[in-house]
Amino acid sequence: MARISVTVNGVAHDTDVDPRTLLVHFIREQVGLTGTNVGCDTSSCGACTVLMDGQSVKACTVLAVQADGHEVTTVEGLAKNGEWHPVQQAFHEHHGLQCGFCTPGMMMAAVGFLEENPAPSEAEVRLALEGNLCRCTGYHNIVVSVLAAAETMRAAGGRARAGG
Amino acid sequence: MIPAPFEYERAADVAAAVTLLQQGGVEARLLAGGHSLLPLMRLRLARPRLLVDIGGLDDLRYVRVEDERVSIGALATHHDLASSAQLRAACALLARTAEQIGDPQVRHRGTIGGSVAHADPASDLPAALLALDAEMIVQGTEGTRSIAAADFFVGPLMSALRDGEILTEVRVPRTGAAGAYVKFQRRAQDWAIVGVAAAIERDGSAITHARIGLCNMGPTPLRAPGVETALVGADGPGAVATAATRVAELKTPPADQNASADYRRHLAEVMIRRAVAAAVA
Amino acid sequence: MATGERYVGGGVLRKEDLTLLTGQGRFVESITLPGLLHLAVVRSPYGAARIRGIELEAARAAAGVVAAFTGADLAEEWAAPLPMAWPVTEDIRIPEHWPVTQDVARYQGDAVAVVVARTRSAALDAAELVEVEYEELPAVTDVEAALADGAPKVHASLEDNSCYTWTLANGDVEAAFAKADVVVTQRYTQPRLIPNAMEPRAVVVQPLPAAGDFTMWSTTQIPHIAKVLFALTLGIPESKLRVIAPDVGGGFGSKLNIYAEEALCLALARRLGRPVKWVAGRSEGYVATTHGRDQIQHVELAATSDGKILGYRFKLLANMGAYLQLITPGTPLLGGFLFCGSYGGEAYHFECTGVFTNTTPTDAYRGAGRPEATYAIERAMDALAREVGVDPVEIRRRNFLPKGEMVPSPGGLAFDTTDFEMNLDRALERLDYEGLRAEQRARRERGDGKLLGVGFSTYVEMCGIAPSQALGSLNYGAGGWDAAMVRMLPTGKAEVVTGSSPHGQGHVTSWSQIAADALGVAFEDVTVLHGDTHVAPLGMNTYGSRSLAVGGVAVSLACGRVVDKAKTLAGHLLEVSPDDLEFERGTFSVKGVPDRKKTIQELAFAAWTAHSLPEGAEPGLEASCVYDPPNFTFPFGTHVCVVEIDPETGAVEIVRYLAVDDCGNVINPQIVDGQVHGGVAQGIAAALWEEAVYAPDGTLETSSMLNYLVPSAAELPSFELDRTVTPSNTNPLGVKGIGEAGTIAAAPAVINAVIDALSPLGITDIPMPATPERVWRAIRDAEGGAA
């Protein structure tokens, strides 16, 4: 066993793990947050995407021991004070999900991307989601959702700046 | 799937990692970002007895642009390379290669050291580093040595690293060459069917010096010497196209699920043209 | 539809999203129970092998292991083999299919032993310690090779590898071909596809040994059917088995089955007296979950010199795989009536031979038979257009069946409502077809740049998988009805219990819309319960785009019955004849005296207290309906694909994709559009990327998501959607179904566009998937031939 300290959605978890524990299994089984799904075994599908220190990673391809000392954000950490993240809201309004299995990972990939590129084109959104597979939506409404969220976040950012 | 069991050691520094690797012998593997190794371990195609984790050695994570060369720490991620404005200005080829690797999540975790040391002929960075005449700085029990990129990749998934040696830095000389990396794949996240790295120097519009690195065209990343020679003096797309046909001299393109050997050879010719055009654009 | 509509057809947002967007989805993998054991399955690495011996001792001794079994050890668990519910002919050959094989492994992935351990990793570790001595046998994976003389036999007990031959004939086909000016003969292949629902399959079974009860949570589309069939397979009294499909992460037909691992979890939970769980790895699922398609099609059209079709002749070889899963043999036949598409003619002959091979069994995959049929006819229409020298649009116009109701088709069906030409016209309006052809001509004249192609698919398909009587005539082993219960709760809320079992389609939202309008209550006040056989005792579940046209209609009819009961009660309480009442938005009021009224919420409470009921009335305000429609429904539409081909690499890029569908009345436009988007994406994926490839020895070469190419957002375009509305006359909602239309329509539109782009080179065929290498090779060969 190895001792790790990982902050998940702002809460510190100091615990022992079997070194072979994947970060996604640590999150699901030891932290008890089951929103992050596992869709493949080849780092292909992106269903397990979480943010590590703000950057999107595939939690099936990170060992829990590698997350020691890092901050992890999962889908459960997106909403703040009961308010949905603009990406969650946009996925809801634009029907960016059907079965919902890929959705947590898809949204985390989108959140990480919009931090880096707040004003993306449609083509940039599509390329940014190259590592996340969805079988239900044909991606059409996912792309619409991410573009809409970007606009909302820009408007909110503008207001925040104007207010500050 | 879950990897087979292993022992895990976190190295305090490079020297400690070298010692741990040495002690672990052939069943020990180095872990950096883990994006070459962990996928194999999850499918249990790799089952090391010991993992030596150097991922926490932050002093190996840097991109330094110096007058004569660019020095890149082994733990610099693909994303670090792709997002470094300094690197893009000093060595566009490397930044343009890094931004095409895998997908964003892979680029956030995958490291240049891991990618190079894994020596996969289908990896993008090794082809670019060949075209850039990079050198690999490695550290082992007997100290530090430098290996030219041309000598580093010795076979499929085989490098010139000796047991217990760790790649710590990649150095790329600054030549002023214009560079581009063009790859052909069926999905954006896929490995390249063929990738071409072009580093081009020109006098006016005529090419004076060309280095072409090829990804997935043989058992190792390759240079295309015939093409490079033929490109010298080429002025304009017609001459570049003629030079690119020399890639047919390569006898090694693999045939697999994604492409036959002759299609690969053809693609390489097309991608060479496009890479040279993109480099000088 | 009823007056007072507020929600049907309007823009409400999905109720399902609240949990799914916040990480609170309840998928089977997240279910854990005290004392839970984990199952790992040891599978044959060979396509065909005799099992000489199995050594379990090392696995049994491994840390955390509770038990390990061979097929022989478990033989007494089974009351019957895994079920196949569609014996399509009297003489069909049905090999016994056991959850764990004992003698011979007949495909790569065939289960040969199982290990049960306290953790999943311990189970996986121990499974590697099971030593199986195999004697590799010759394998056969291709249908034509499997039918050849001397082919290795998949089942030694059978005479050869043929499973059945099914024929359908209408009219005098010989006469039609005899008098034809033109005969178009084509051979098409349907690659084998892996459905790839994003959620891998998983199952948890909890036994209650003292009571003999079992609860099974499964990633299934068919909890009710599963309950019946597992009761039979395991010999568990049906009343002792509860099946729950919680949130299910997509299915596309691949979770419409009765799987070995579900049976194993039940059997092991029974034997060990503890809960047992199995979760498929993605790559494990690639061999252990049914595949789709895999056909060779011989197509012949007989036509006049101006392209009017006289007769159709089709001959199919359909790959069954190594065993028959739930509806393996019937799947190709779901297209058997539709190979003539939306077109007329005098005569029709269809023949399909099912063939056993050493591969994972095939079964339903989105569209199930209809994508194959549509591909064949839509590609053949383009071939006919080339043959007689008319435009692909014109050849379709000349052959469309007329607008009408109960329109007879050469395949023997009666299409509920049709208006093909109107739909095509709408597509052409949006398309600027003339402009595209002008651009194409200009590019061809310039001889540079990317090759532009336009492809059409003017499809019709059949949904509902009903009526029961029609299914009975096809020897299908179940009915085609579905059930609903609707009750007004004492507090004025409505509860809808449905026999449909959604796995992404948004039934909770659509059913809420239907019920809210019918009952006159708020959308938010409707709760929809589903996917649990203890909650919804009756159901025929979700597949074949049947949910709305059968289950949704049942909800609507049950709501109508609730309103009727409420009306009687309102009349009683208001002391008027029910005939003097009008019902508007949840309120019954006396005609001409609008102040005298009762709301449905007031009536719900009154029915619950039951203090004053009409004579003979029972307390409570609820009703149920089991609805069996009188006919299938037949959605139709026009899909147009515009591609650009890079002649240097052969890469195909879709630059426009336009879908104009007609699924009758629409309950929720956003959900309908979403179904089209996803369906089209899967059709495009089949046309350009996806193909499950077997090596001749039976090794699945496309063994993971690394090499079976499910496309991402980066590969696919945005879609342009429009729709026409031709209500069905089959059901009172006028709805048809839209779950599979996109997949059915898309692949031939894409390939027709590719061929259209390449046609100046004389290229008339590119097999699916039209990979860059295939396209490049065709161009190179054509140019070489011309030179």
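Tutor: This model is predicted. Helix H1 of chain B is followed by Gly25(B), whose phi is positive, near 65°.

Student: What sits at the start of H1(B)?

Tutor: Asp13(B). One of its side-chain oxygens reaches to within 3.2 Å of the backbone nitrogen of Ala15(B).

Student: Which residues of H1(B) are buried?

Tutor: H1 of chain B covers residues 14–24, and its buried residues are Val14(B), Ala17(B), Val18(B), Leu20(B) and Leu21(B). Look down the helix axis. These buried residues fall within an arc of 165°, so they line one face of the helix.

Student: What covers the buried residues of H1(B)?

Tutor: Several strands of chain B are part of the cover, including S1 (7–10), S2 (28–31) and S3 (50–53). Strands S6 (135–140) and S10 (166–173) of chain B belong to it too.

Student: Now the interface. What is the area buried between chain C and chain A?

Tutor: The size of an interface is often given as the accessible area lost when the parts come together. Between chain C and chain A, that area is about 4000 Å². Carbon and sulfur atoms give 57% of it. Leu21(C), Met198(C) and Ala713(C) supply 18% of the area that chain C buries against chain A, more than any other three residues.

Student: How many salt bridges does the rule find across the interface of chain C and chain A?

Tutor: Two. One of them joins the side chains of Arg20(A) and Asp125(C), at 2.5 Å from N to O.

Student: Which helix of chain C gives the largest share of the side that touches chain A?

Tutor: H18(C), with nine residues. That side of chain C divides into 24 nonpolar, 20 polar and ten charged residues.

Definitions and conventions
Residues numbered from 1 in each chain as written. Chains lettered and ligands numbered in written order. Predicted model: local features only at pLDDT ≥ 70, side-chain atom pairs only at ≥ 80, totals over all residues. Heavy atoms only, no water. Buried area = accessible area lost by both parts, 1.4 Å probe. Salt bridge = Lys/Arg side-chain N within 4 Å of Asp/Glu carboxyl O. Helix = DSSP H or I, 4+ residues; strand = E, 2+ residues; numbered from the N terminus. Nonpolar A, V, L, I, M, F, W, Y, C, P; charged D, E, K, R; others polar. Buried < 20%, exposed > 50% of the residue type's maximum accessible area, 1.4 Å probe, protein only. Arc of directions from axis to C-beta. Contact = heavy atoms within 4.5 Å. Polar contact = N/O pair within 3.5 Å; in protein donor to acceptor, adjacent residues only side chain to side chain.
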